[in-house]
There are 2 protein chains.
Amino acid sequence: MAEGILLILSGPSGVGKGTVCRYLLTIKEALKLSVSTTTRPPRTGEVEGKEYNFTTTSHFKDMIKQDSFLEWAIVHDYYYGTRREKVRELLLTGQDLILEIDVQGAKQIKEKVSDAVSIFLVPPSREILEQRIIGRGTEDSERIRQRLETARREMDAYYLYDYLVINDTVEAAAGLIGSIIDAEKSKVSRGVRPPGWGGEN
Amino acid sequence: MAEGILLILSGPSGVGKGTVCRYLLTIKEALKLSVSTTTRPPRTGEVEGKEYNFTTTSHFKDMIKQDSFLEWAIVHDYYYGTRREKVRELLLTGQDLILEIDVQGAKQIKEKVSDAVSIFLVPPSREILEQRIIGRGTEDSERIRQRLETARREMDAYYLYDYLVINDTVEAAAGLIGSIIDAEKSKVSRGVRPPGWGGEN
């Protein structure tokens, strides 16, 4: 059986990674979201093993020491990471996985999983991204200024990715990512063979 | 403007390249069939410049001497070839082109156009291909034997291609090729840039 594909979905802050990712999971039933491990306490309604694997800071630090993570990061004082063994086991069963992750994490993973497929989601324009960040209306102006600056800096990283997808509409962006998955799974370099032709079965 | 993509569609004799290619052209309007040059006389209904560019053997041989072809071959005593300049001009205007071509021609083109995307169409199984070749019922048994042997030999070349597509149904195969085109056109390595972000327009 062919190994699963590890898909990295990344993009600037505010571009709508989460929305596109959730929609993609509804149209690509064979795809599963890779569940991160975090030290952040569960929010209301979050279920262990679904949104995250929840753990303690000391256990997380132990796992860092044991090089258990494909990538990890500290965000707003909490640790988040992707466990290497969990990803490897799922890929070996043929499961395709998607990881929604920031630019730094994507870099770390690409170094460790050379055949991971990395996708950078971008807004239709700079103005639209800025409107999305400002328009949330839940943050003070200093926080908004920071988020705008982060987003602009993150945009500069697009050239590190394999594919660039424009988030014009959620449906179109998810559809294109679906096409990228189908195309990648047809690559001869991934070990695809003619069916029923002897040798492979 | 980004350059167009040169798509090579190949596969064993009898796999249904022509049918898939024609269907693909109806669902991908931006895609055009690359018109070959041939010394074969036009069949009834064939229009110069549509199915082929028709020419004389002596002119074809001149063009071979001038290295005018990306690939050329002799099939049933007639010359067939793909003119380099014509392909280059169309790609430069952003036009995506598809070339339906045999294994030998595909090899020649991959050597000359390194970013061409090559797709190998295969039958769902060996038996199905054999049935398709035998089932045409228009040829004597020696000719069928030859075609079966050619098809088996051509199948061995699949590993030279970028993508492998199973011709289970014409619609599914053409749909997957459409996805491969969309994916390829989103590759950062092909010069895709974030829109409206300064620099690219």
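## Strand pairing in chain B

Two strands count as paired if DSSP finds at least two bridges between them. Strands themselves (E, at least two residues) and helices (H or I, at least four) are DSSP runs, numbered from the N terminus.

A word on the model before going on. It is predicted, so local features need pLDDT of at least 70 and side-chain atom pairs count only at pLDDT 80 or more, while totals for chains, interfaces and linings use all residues. Residues are numbered from 1 along each chain as its sequence is written, and chains are lettered from A, with ligands numbered from 1, in the order in which they are written.

## The five-stranded sheet of chain B

S1(B) and S8(B) belong to an open sheet of five strands with parallel pairing, in the order S2-S7-S1-S8-S9. Strand S2 (31–33) and strand S9 (163–166) of chain B each have a single partner strand and stand at the edges, so one side of each lacks a neighbour in the sheet. On average, neighbouring strands here are turned by 30 degrees against each other, direction ignored. Such angles come from axes, which are lines fitted to C-alpha atoms (for helices over the stretch in contact), and run from 0 to 180 degrees between N-to-C directions.

What lies across S1, S2, S7 and S8 of chain B? The answer is H1(B), which runs at about 165 degrees to strand S7 (96–100) of chain B.

## Two helices that pack, in each chain

Two packed helices are described by the angle between their axes and the distance between the axes. For helix H1 (residues 17–27) and helix H7 (residues 170–184) of chain B, the angle is about 60 degrees and the axes are 9 Å apart. That makes H1(B) oblique to H7(B); the classes are roughly parallel under 35 degrees, roughly antiparallel over 145, roughly perpendicular from 65 to 115, and oblique for the rest. The crossing of H1(B) with H7(B) is right-handed, meaning that the near helix is turned clockwise from the far one by less than a right angle. From H1(B), the contact draws on B:Thr19, B:Val20, B:Tyr23, B:Leu24 and B:Ile27, and from H7(B) on B:Val170, B:Glu171, B:Ala173, B:Ala174, B:Ile177 and B:Gly178. Contact here means that the C-beta atoms of two residues, placed from the backbone, lie within 7 Å.

In chain A, helix H1 (residues 17–27) and H7(A) also pack at about 60 degrees with axes 9 Å apart, in a right-handed crossing. Among the residues that make this contact are A:Tyr23 of H1(A) and A:Ile177 of H7(A). By class, the contact has eight nonpolar, two polar and one charged residues. In this scheme Ala, Val, Leu, Ile, Met, Phe, Trp, Tyr, Cys and Pro are nonpolar, Asp, Glu, Lys and Arg are charged, and the others, Gly among them, are polar.

## The four-stranded sheet of chain A

Chain A has an open sheet of four strands with mixed pairing, in the order S4-S3-S6-S5. Its edges are strand S4 (52–54) and strand S5 (69–75), each with a single partner strand, so one side of each is left without a neighbour in the sheet. Neighbouring strands of this sheet are turned by 25 degrees against each other on average, direction ignored.

Strand S3 (residues 36–38) of chain A runs parallel to S4(A) and is joined to it by three bridges, with A:Ser36 partnered by A:Tyr52. By contrast, S5(A) and strand S6 (residues 78–83) of chain A pair in the antiparallel sense over six bridges, and A:Phe69 has A:Arg83 as its bridge partner. The hairpin of S5(A) and S6(A) has two residues between the strands, and A:His76 takes a positive phi near 50 degrees there.

## How the two chains meet

Chain A superposes on chain B by a rotation of 180 degrees with 0.0 Å of shift along the axis, at RMSD 0.0 Å. The two copies are thus related as by a two-fold rotation axis. The C-alpha of chain A nearest that axis belongs to A:Ser179, 2.3 Å away. The superposition is by least squares on the C-alpha atoms of residues with pLDDT of at least 70 in both copies.

The contact takes 26 residues from chain A and 26 residues from chain B. On the side of chain A that touches chain B, strand S9 (163–166) and helix H7 (170–184) of chain A each supply at least two residues, and H7(A) gives the largest share, five residues. By class, this side of chain A has 18 nonpolar, four polar and four charged residues.
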